[in-house]
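Please look at the sequence and the structure first, then read the notes below.

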Amino acid sequence: MNLPNIITALVNAQNQYDSHSYAECFTDNAVVFDEGKTYNGKPEIENWISEANNEYKTIMKPLNYNEKENILSAEISGTFPGSPAILKYHFELNNELIQSLKITG
C-alpha cells in the first residue's frame, strides 16, 4: 500500500502511543472530528489522542488507501467494546501535513 509519508508517520505514532509525534503530523490549525466531537489545533489533538491511547491502547493496521479521496481504511484494535473495528480516516492534506481528519465507522 502506498501511503503518503505523513499518514505513515501518523500510523507509526499511533502504534507507538506517541501522542506528541501524532499531533506533529497536523498543521497548527488542524481539525479532528471523532465520535461527535471536534478538536482544534495541535494541543487539543495531542490531548485527545493521549487520553484515547491511555484508555483504549489502540493499534492501527492499515487495510486500504483511496488516493483520490484520501481515505484510509484501517483495522483498529484495543481495549474498547467491539474491538477490533474497521474505521475510515478521511484526510485533507496541506503542505505534507494533515489539515483535517474525520474518523467514521
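The structure is a predicted model.

**Overall fold**

- Read from the N terminus, the order of the elements is α-α-β-β-α-β-β-β-β.
- Along the principal axes, the C-alpha atoms take up a box of roughly 35 × 30 × 25 Å.
- Of the 105 residues in the chain, 40% are buried.

**The largest nonpolar core**

- This core has 27 residues, and those touching the most other members are Y22, F26, I45, L72, Y89 and L101.
- Two or more residues of this core come from each of α1 (5–15), α2 (19–23), β1 (26–34), α3, β3 (59–66), β4 (71–77), β5 and β6.
- Helix α1 gives the largest share of this core, with five residues.
- L72 is in contact with residues from several parts of the sequence, including M1, I7 and V11, M60 and Y65, and L87, Y89 and F91, when its neighbours within four places in sequence are left aside.
- The contacts of L72 also include L3, P62, N64 and K88.

**Residue I6**

- I6 is found in helix α1.
- I6 counts as buried because its relative accessibility is 13%, and the cut-off for buried is under 20%.
- Not counting residues up to four places away in sequence, I6 touches C25, L93, E96, L97 and I98.
- I6 and S100 are separated by 94 residues in sequence, while their C-alpha atoms are 13 Å apart in space.

**The largest pocket**

- The volume of the largest pocket is about 580 Å³.
- Its lining consists of 23 residues, and D34, E35, W48, A52 and Y56 lie nearest the centre of the pocket.
- By class, the lining is made up of 13 nonpolar, five polar and five charged residues.
- At least two lining residues are supplied by each of β2 (37–40), α3 (41–56), β5 (85–94) and β6 (97–104).
- Helix α3 gives the most to this lining, with seven residues.

**Backbone details**

- Most residues other than glycine have a negative phi, and most peptide bonds are trans.
- E35 has a positive phi, near 50°, and is not a glycine.
- E35 belongs to the loop between β1 and β2.
- E35 is exposed because its relative accessible area is 70%, and the cut-off for exposed is over 50%.
- E35 is also one of the residues that lie nearest the centre of the largest pocket.
- N70 is another residue other than glycine with a positive phi, of about 55°.
- N70 sits in the loop between β3 and β4.
- The peptide bond from S83 to P84 is cis, and its omega is near -5°.
- P84 is part of the loop between β4 and β5.

How values were computed. Residues numbered from 1 in each chain as written. Predicted model: local features only at pLDDT ≥ 70, side-chain atom pairs only at ≥ 80, totals over all residues. Heavy atoms only, no water. 1 Å grid on protein atoms, 1.4 Å probe; cavity = no way out; pocket = protein on both sides within 12 Å on 5 of 7 lines; lining within 4 Å. Points joined across faces, edges and corners; volume = space filled by probe spheres on them. Helix = DSSP H or I, 4+ residues; strand = E, 2+ residues; numbered from the N terminus. Nonpolar A, V, L, I, M, F, W, Y, C, P; charged D, E, K, R; others polar. Core = buried A, V, L, I, M, F, W, Y, C linked by side-chain atoms within 4.5 Å. Buried < 20%, exposed > 50% of the residue type's maximum accessible area, 1.4 Å probe, protein only. Contact = heavy atoms within 4.5 Å.
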